[in-house]
Amino acid sequence: AVVSTQSTGERRVASLAKAKMHYKESWTKALKELINVREKAQQDAKHRLLHEQTLMEHARLRYQEESKLKEKIPVVEPVKETAPAVDENRRPDNKIMMARLIDERDTLLRTGVYTKEDAVIVELNSKIKSIQCST
């Protein structure tokens with residue numbers, strides 16, 4: 001009976017040791033998975049941040065380029081002041097003037113800095129229409 005109790009006790013100790021080992025392995029595996037998930041989340045966040053920084057940098061460069069173009073382009077203003085006064089006796093060649101104004105307008109629109117609603121483009125369109133009406 002003592003041998004049987006000892007054998008049962010040893011089996012129980014062995015079973016508990018085996019359960020403990022299984023628990024330890026499961027716990028270690030779970031911790032490793034948790035670490036992997038956290039690392040992946042950090043990498044994803046880092047990639048998102050880098051992507052957003054790249055987008056912001058592109059936007060900043062585009063804005064700087066547009067600002068430079070806007071500084072260079074207000075060449076249209078002198079056209080308003082230097083346009084010769086139309087005199088009944090001395091009319092400028094309307095076709096040349098209209099071609100120049102259309103070219104100026106189209107060039108400004110192609111830069112992408114100006115839209116059809118901008119004051120400069122509206123002014124050019126009104127000058128083009130006035131030349132068309134006078135011919």
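A residue is called buried when its relative accessible area is under 20% and exposed when that area is over 50%, with partly exposed in between. By this reading, in a model that is predicted, helix α4 has V120, I121, L124, K127, I128 and I131 as its buried residues. These residues cover an arc of only 125° around the axis, which puts them on the same side of α4. On the other side of α4, the residues A119, K129 and C133 are exposed.

The length of this helix can also be checked: the 16 residues of α4, counted at 1.5 Å a residue, should span 22 Å, and the end C-alpha atoms are 22 Å apart, which agrees.

**Overall build and core**

The protein chain has four helices and zero strands, and its elements run α-α-α-α from the N terminus on. Of the 135 residues in the protein chain, buried residues make up 12%.

The largest nonpolar core has 10 residues in all, namely M97, L101, L108, V113, Y114, V120, I121, L124, I128 and I131. At least two residues of this core come from each of α3 (94-111) and α4 (119-134), and α4 gives the most, with five residues.

Y23, W27, L31 and L34 make a nonpolar surface patch of about 440 Å². Of these residues, W27 is found in helix α1, which covers residues 2-72.

**Salt bridges**

The structure holds three salt bridges, and the table gives each pair with the distance between nitrogen and oxygen.

| Pair | N to O distance |
|---|---|
| K40 and D44 | 3.5 Å |
| R60 and E57 | 2.4 Å |
| R105 and D106 | 3.3 Å |

K40 and D44 both lie in helix α1, where they are four residues apart, about one turn of the helix. R60 and E57 are separated by about one helical turn because they are three residues apart in helix α1. An α-helix has 3.6 residues a turn, so residues three or four places apart point the same way.

In the remaining pair, R105 counts as buried because its relative accessibility is 19%, under the 20% cut-off, whereas D106 is partly exposed, with a relative accessible area of 28%.

Conventions:
Residues numbered from 1 in each chain as written. Predicted model: local features only at pLDDT ≥ 70, side-chain atom pairs only at ≥ 80, totals over all residues. Heavy atoms only, no water. Core = buried A, V, L, I, M, F, W, Y, C linked by side-chain atoms within 4.5 Å. Buried < 20%, exposed > 50% of the residue type's maximum accessible area, 1.4 Å probe, protein only. Patch = residues over 30% accessible without salt bridge, like charges linked within 9 Å, V, L, I, M, F, W, Y side chains within 5 Å. Areas by Shrake-Rupley, 256 points an atom, 1.4 Å probe, with all protein chains shown as cover. Salt bridge = Lys/Arg side-chain N within 4 Å of Asp/Glu carboxyl O. Expected span 1.5 Å × (residues − 1). Arc of directions from axis to C-beta.
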